[in-house]
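Have the sequence and the coordinates open while you read.

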Amino acid sequence: MKYEASKRKNILVVLIVVILVLCIGLFMKNRMNILNNSFVNEESIVEELDENLIGAYIQQGEEYVKADTIPTSGYEFNEEKSYCKIGDIIQGDITLFYDMDTQTITVSPITKKGLKCYLYFDEKASGSETILAQEGGVDVILAKGTPNFNNIATADEGMYAAEDDYGTSFYFRGAVQDNWLQFGGFYWRIIRINGNGTIRIIYNGTSTSQTGIETQINETRYTFNNTDDNNMYVGYMYQSGQVHGLQTSSNSKIQLDNWYSNNLHTNYGLYVDGSTGFCGDRTPSTELNSSNGSGGTGITTTYYGGLIRLTRSVKSPILQCNNNDLYTTSDSNDAYPNPSGNGNQALVYPIGLITADEVAMAGGVYTVNNNNYYLYTGQPYWTMSPYHFNRYNDTLIFGVNSNGFPVNFHIITAKSGLRPVINLRSDVQITGSGTVSDPFKVIGAS
């Protein structure tokens, strides 16, 4: 009897232990489910979390102040300054990004309980906006706005916008190193994306060397024109007695046409646009400080448009051109059609020179040294912008000096370098990133 009582007691103890284990197991399982659900909700349902999980701070002058809402315009996300933390510890392994366009936050990895993130936003510079776009087949950063053209550009300022004869053009400014392009067996620098989407480029030679006479065709120098005793010789083309005459080609045009015919016309001409022009602005004036439309023929003292825009105390370069001086190919030219019929339609080959206005927009300032922008080569070379015809019968064209600035003392019978400028068609296919080591290339025509 004693044995039977002891046996029943042991069985009862075992049953109690089993019941307790089962109860504890069920309790722990439910507890873990509660904790897991709580954690998932805390990480995925933002509106149910503490209001300080995401904090936005906007720049006001030199300081940042807390904002009630994340800004949608007028600010740029400062990824470097933004961070996430748990308690007082900043989490260095967390990647934080905010897309201003889609207004979405990316936090990766988001696997830590108690994570709080702090987003910082910088004020955008007044009058500017940075966006990513594709123009002329090239991905570029576009910096809209207007720089101070009284100052040289010695740093990489990216791209700015200005109106040309076709729409909004985007031009490179400063010491840029992502505007390299390889085409036709030569290296070029992109000056700008024209308003019609074509790509305007300037010759740099057979290598990526940025200085030296090899940046000029035939590694030599030429006169702009061989005679300088008449206003007409300021023209890329000229005619006696006419301000905008087109009867005769200048020596510079002859040399450029020959070079184009020998090097690009046959194998690469189909990639080159003929309807986009080159401005040889011959807007005349007998007044030094403003344009009155007078002069420009014979031996009348004449100040041309570029002089008035670029040598005064306030510099104001432009990309627009009067139609008479916008050199384009003929609309009946089968090789380089000009269906719009714009410009003077005087060219056989779609080639010209850079303008003094484009030099100024790229970062050059009249008579101020600049060897830190992409147009500096350490060599003098011609632009196609007339400067002045004076009472000493000196005919002057803007040029780029060996010190890198646009100058007035290029008498057209002096010798200087020629750096061809052409426009690639807007439908060309481009590869590359535009750097020296990975220049843009025209597919099928490098």
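Cys 84 and Cys 117 are both buried, where buried means under 20% relative accessible area, exposed means over 50% and partly exposed is anything in between (1.4 Å probe, protein chains only). Before going on, note that this is a predicted model: local features need pLDDT of at least 70, side-chain atom pairs count only at pLDDT 80 or more, and totals for chains, interfaces and linings use all residues. Residues are numbered from 1 along each chain as its sequence is written, and side-chain values use heavy atoms, with hydrogens and water left out.

Back to the cysteines. Cys 84 and Cys 117 form a disulfide, a term used here for a pair of cysteine sulfur atoms within 2.5 Å. By that rule, the count is 2 disulfides. The table puts them side by side.

| Disulfide | S to S distance | S-S torsion |
|---|---|---|
| Cys 84 and Cys 117 | 2.1 Å | about 100° |
| Cys 279 and Cys 321 | 2.1 Å | about 80° |

With a torsion of about 100° about its S-S bond, the disulfide of Cys 84 and Cys 117 is right-handed. Cys 84 sits in strand 4 (residues 83–86) and Cys 117 in strand 8 (residues 115–123), so the bond ties together parts that are 33 residues apart in sequence. Helices (H or I, at least four residues) and strands (E, at least two) are DSSP runs, numbered from the N terminus.

The disulfide of Cys 279 and Cys 321 is right-handed too, given its torsion of about 80°. This pair links distant parts of the chain, 42 residues apart: Cys 279 is in strand 19 (residues 278–279), while Cys 321 is in the loop between helix 4 (305–310) and strand 21 (326–327). Both Cys 279 and Cys 321 are buried. Number the bonded cysteines in sequence order and the pairing reads 1-2, 3-4.

Now the backbone. Which peptide bond is cis? The one joining Ser 108 and Pro 109, with omega at about -10°. Pro 109 lies in the loop between strand 7 (104–108) and strand 8.

Glu 219 isn't a glycine, yet its phi is positive, about 50°. You'll find Glu 219 in the loop between strand 15 (199–205) and strand 16 (222–223), partly exposed at a relative accessible area of 48%. Thr 367 also has a positive phi, near 65°. Thr 367 lies in the loop between helix 5 (356–362) and strand 22 (381–389), and is partly exposed at 45% relative accessible area.

How many aromatic pairs does the structure hold? There are 24, counting rings of Phe, Tyr and Trp (its six-membered ring) with centres within 6.5 Å; planes under 30 degrees apart count as stacked, over 60 as edge-to-face and the rest as tilted. Among them, Tyr 236 and Tyr 327 are edge-to-face, with centres 5.4 Å apart and planes at 80°. Tyr 236, in the loop between strand 16 and strand 17 (237–238), and Tyr 327, in strand 21, are 91 residues apart. Tyr 236 and Tyr 327 are buried.

Tyr 260 and Tyr 349 make a tilted pair, 5.5 Å centre to centre with 40° between the planes. Both are buried. Ring pairs also link Tyr 57, Tyr 64, Tyr 83, Tyr 118 and Tyr 120 into a cluster.
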